[in-house]
Amino acid sequence: MLKRVTRLVPRACQLDPGHFLHGGPQAPQSLAARLDDQVPDENPRAGSHPSEDDPAGAGEQREGRHYRIPLQDLPTVFPHGLPRRFSLQVRTFNEACLMVRRPALELLRHLDDTNFAHPAVRYVLYGEKGTGKTLSLCHVVHFCAKRDWLIVHVPDAHLWVKSSRGLLRSAYSRRRFDQPVEAANWLKSFKTANERFLSQIKIQETYMWNKRESTEKGRPLGEVVEQGLTRVKNATDAVGIVLKELKSQSCSGAFRLLVAVDGVNALWGRTTLKREDKSLMAPEELALVHSLRKMVRNDWHGGAVVLALSQTGSLFTPRMACLPQELLGKEGFDALDPFVPILVSNYSPEEFESCIQYYLENSWLQHEKAHTEEGKKELLFLSDANPGQLERLCAYL
Amino acid sequence: MAAAALSAWLTLQPGTRTLRAFCTSVSPATRSAIPSPRTADRRPRYERPLRRKALPPRTEKMTLDQDWPSVYPVAAPFKPSAVPLPIRMGYPIKRGVPMAKEGNLELLKIPNFLHLTPVAIKKHCEALKDFCTEWPAALDSDEKCEKHFPIEVDTTDYVSAGPSIRNPKARVVTLRVKLSSLNLDDHAKKKLIKLVGERYCKTTDVLTIKTDRCPLKRQNYDYALYLLTVLYHESWKTEEWEKDKTEADMEEYVWNNSSSEKNILETLLQMKAAEKNLEVNKEELLATKEVEEYKKSVVSLKNEGDNENTLSQYKESVKKLLNLM
């Protein structure tokens with residue numbers, strides 16, 4: 001393994017930067033034997049590993065294949081979005097490859113056919129733990145980013161309802177609480193992801209931050225974001241303003257808006273944050289949660305809302321809960337109704353095969369029995385074709 | 001020296017089985033301390049009462065076609081010599097089996113029904129037939145019994161040999177009735193179910209009233225009937241405070257005036273507005289086939305909970321409604 005690494009490094013230096021920008025098949029990733037594989041983009045390799053970068057694709061025949069996200073896209077499209085284990089994998093393999101799976105394809109098809117005059121349709125990804133809801137969400141986000149939509153991506157809404165240290169009374173509304181740290185973090189990522197839109201969109205109202213500072217009508221949205229980042233106390237209000245403006249302006253058709261929230265059941269669950277008198281807070285008392293709830297309603301048009309439920313990280317829910325009503329509760333269901341529920345299930349046999357092939361090609365599976373039939377059957381049995389479980393198992397091999 | 005000490009220790013232990021090899025090395029001091037049975041009774045052998053040899057157990061003389069109810073006519077403790085079955089009971093120690101029936105306390109402790117074999121019960125029934133009346137011929141099916149006699153009353157009488165014929169357990173009266181045989185409308189049925197609480201079983205639709213608060217059985221029976229009457233009449237009345245029934249009190253999901261209905265209406269209105277179609281009114285929108293399907297799927301989702309079926313139904317109806325197909 002060490003020998004191969006030392007040989008890969010000099011090869012990377014020899015390739016000129018132009019190669020990376022085209023996103024062509026990146027030779028350092030394949031083994032030394034495949035160095036003459038300079039196939040063009042549209043020609044998929046047999047097996048699991050086509051080197052295509054277009055997230056949409058030809059449809060069902062791409063199901064089970066991996067597609068690669070160019071590495072330079074990652075910091076702009078997913079400044080904070082990728083799940084931890086996947087980003088570790090990206091760093092290890094030096095490439096970000098997502099498997100194209102049926103739920104994501106279905107979603108992409110719907111998104112392609114969206115009627116932007118109709119109210120935003122809400123799609124909810126649900127499924128058991130480890131089946132790939134977050135990564136399907138990321139796939140959709142990348143697709144929309146490639147198509148130049150404006151992305152509002154909240155990677156984990158659960159983080160906003162737990163263990164937040166700086167809780168302040170909101171200046172805007174006495175009943176609600178601000179979370180400056182989380183809001184500032186989110187604003188930073190939002191800025192990196194949607195840099196080009198921030199100067200194009202102009203706000204439609206004047207906002208007074210305090211007696212001396214205000215943002216006039218007609219200024220670009222970037223100024224509101226800057227204000228939130230520099231004055232952290234106003235960060236939560238800045239987030240609220242950004243969301244409000246985006247919602248009202250997406251109807252005009254200047255841009256398409258995608259709202260992607262992971263762990264959306266946190267918005268209607270319970271929190272572990274305490275008020276000054278040590279009583280637990282309800283989620284509606286948090287200003288961030290309040291603005292996000294308004295965002296996922298379908299009273300705007302010109303975009304779509306893709307949500308993913310998540311039990312990991314959710315508070316006070318049983319571990320086996322994975323169905324929409326169990327996780328969202330009555331309130332959440334009534335708020336999101338009508339939505340399109342999309343089930344994300346474990347790997348089908350072809351997808352499992354494809355995943356194992358991918359790991360083998362990247363020499364991730366070092367065990368001698370890994371490529372034999374019994375080895376694969378054993379992995380299938382141990383992981384029950386659950387993607388998360390399989391990934392964890394293969395990490396040991 | 002070590003052997004002598006070991007043997008002394010072994011003999012001093014009350015429950016251990018001493019090996020024969022060590023018996024010979026028992027010291028004279030220990031032997032005289034333990035009284036042997038031979039020295040207790042000093043009468044000469046011919047004057048002592050003769051001890052009978054143990055006879056073979058009765059089971060060996062039992063034939064296969066014997067009359068078992070005469071061996072165990074009443075409830076009696078388990079007699080290993082009278083029961084010809086090779087029963088073992090007990091927890092087996094390592095490399096052992098459960099203990100045999102001779103001298104087995106476990107078999108004595110548990111209740112046995114050796115006096116109630118099918119043959120014995122047949123005999124009891126034959127004897128009781130003289131005291132019974134004929135079953136009415138017209139009531140030959142369960143449905144007819146339910147139709148004509150919807151209320152079932154269970155009482156128990158106790159007979160025992162003792163100084164008194166009274167038994168306090170005999171005053172318990174259980175009254176069972178199916179709610180489908182009562183004349184109740186929707187509101188009355190829901191109110192009745194809320195009033196009785198635990199006494200109603202949803203799967204069998206049976207209301208069970210068990211009374212034992214009066215000292216006599218007759219009084220308890222009257223009280224049970226009185227309770228049924230009161231419940232029936234009260235559930236038909238509607239009180240003023242019943243208007244305050246909130247959504248949380250509802251037993252099942254009701255679509256009308258629910259938030260789901262409002263949501264879908266808003267969505268549809270917005271869609272129509274986008275298509276510049278402003279002349280539709282609410283009733284028309286709600287009466288379309290897609291909305292009906294959606295309503296059914298939401299009701300089933302809320303009432304039955306999440307499962308594959310309901311969720312896929314809901315998904316299809318939403319897709320049709322929002323024109324996503």
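Visitor: Which definition is needed for the pair A:Glu331 and A:Arg293, and how far apart are N and O there?

Guide: A salt bridge is a side-chain nitrogen of Lys or Arg within 4 Å of a carboxyl oxygen of Asp or Glu. This model is predicted. The side chains of A:Glu331 and A:Arg293 meet that rule, and the N to O distance is 3.8 Å.

Visitor: Which helices hold the two partners, and how many residues lie between their positions?

Guide: A:Glu331 belongs to helix α12 (residues 324-336) of chain A. A:Arg293 belongs to helix α11 of chain A. The pair links distant parts of the chain, 38 residues apart.

Visitor: Which residue forms a salt bridge with A:Arg101?

Guide: A:Arg101 sits in the loop between β2 (96-99) and α5 (102-112) of chain A. Its partner lies in helix α13 of chain A, so the bridge ties together parts 250 residues apart in sequence. The N to O distance is 3.3 Å, and the partner is A:Glu351.

Visitor: What is the relative accessible area of A:Glu351?

Guide: A:Arg101 is buried, with a value of 7%. A:Glu351 is buried too. Its relative accessible area is 5%.

Visitor: How many salt bridges does a search of the whole structure find?

Guide: One of them joins B:Glu234 to B:Lys237, with the closest N and O atoms 2.9 Å apart. B:Glu234 is partly exposed at 29% relative accessibility, and B:Lys237 is partly exposed at 42%. Over all chains, the search finds 31.

Visitor: How many salt bridges cross the interface of chain B and chain A?

Guide: A:Glu106 forms a salt bridge with B:Lys315, with the closest N and O atoms 3.1 Å apart. Salt bridges that share partners join A:Glu106, B:Lys315 and B:Lys319 into one network. Across the interface, the rule finds three salt bridges.

Visitor: How many residue pairs are in polar contact across the interface, and which helix of chain B supplies the largest share of its side?

Guide: The rule finds five residue pairs in polar contact there. On the side of chain B that touches chain A, α10 (259-274), α12 (289-304) and α13 (308-321) each supply at least two residues. The largest share is eight residues, and it comes from α10(B).

Visitor: What area is buried between chain B and chain A?

Guide: The contact takes 24 residues from chain B and 24 residues from chain A. The side of chain B that touches chain A has eleven nonpolar, seven polar and six charged residues. Carbon and sulfur atoms give 55% of the buried area, which is about 2200 Å².

Visitor: Which residue of β4(B) stands opposite B:Tyr200?

Guide: β3(B) and strand β4 (residues 206-211) of chain B run antiparallel. Two bridges join them. The residue opposite B:Tyr200 is B:Leu207.

Visitor: What is the bridge partner of A:Tyr126 in β11(A)?

Guide: Strand β11 (residues 339-343) of chain A has four of its five residues buried. It pairs with strand β3 (residues 121-126) of chain A in the parallel sense, over five bridges. The partner of A:Tyr126 is A:Leu343.

Visitor: What is phi of A:Lys278, a residue that is not a glycine?

Guide: A:Lys278 is in the loop between β9 (257-262) and α11 (287-295) of chain A. It is exposed, with a relative accessible area of 65%. Its phi is positive, about 65 degrees.

Notes. Residues numbered from 1 in each chain as written. Chains lettered and ligands numbered in written order. Predicted model: local features only at pLDDT ≥ 70, side-chain atom pairs only at ≥ 80, totals over all residues. Heavy atoms only, no water. Contact = heavy atoms within 4.5 Å. Buried area = accessible area lost by both parts, 1.4 Å probe. Polar contact = N/O pair within 3.5 Å; in protein donor to acceptor, adjacent residues only side chain to side chain. Nonpolar A, V, L, I, M, F, W, Y, C, P; charged D, E, K, R; others polar. Buried < 20%, exposed > 50% of the residue type's maximum accessible area, 1.4 Å probe, protein only. Pairing = 2+ DSSP bridges.
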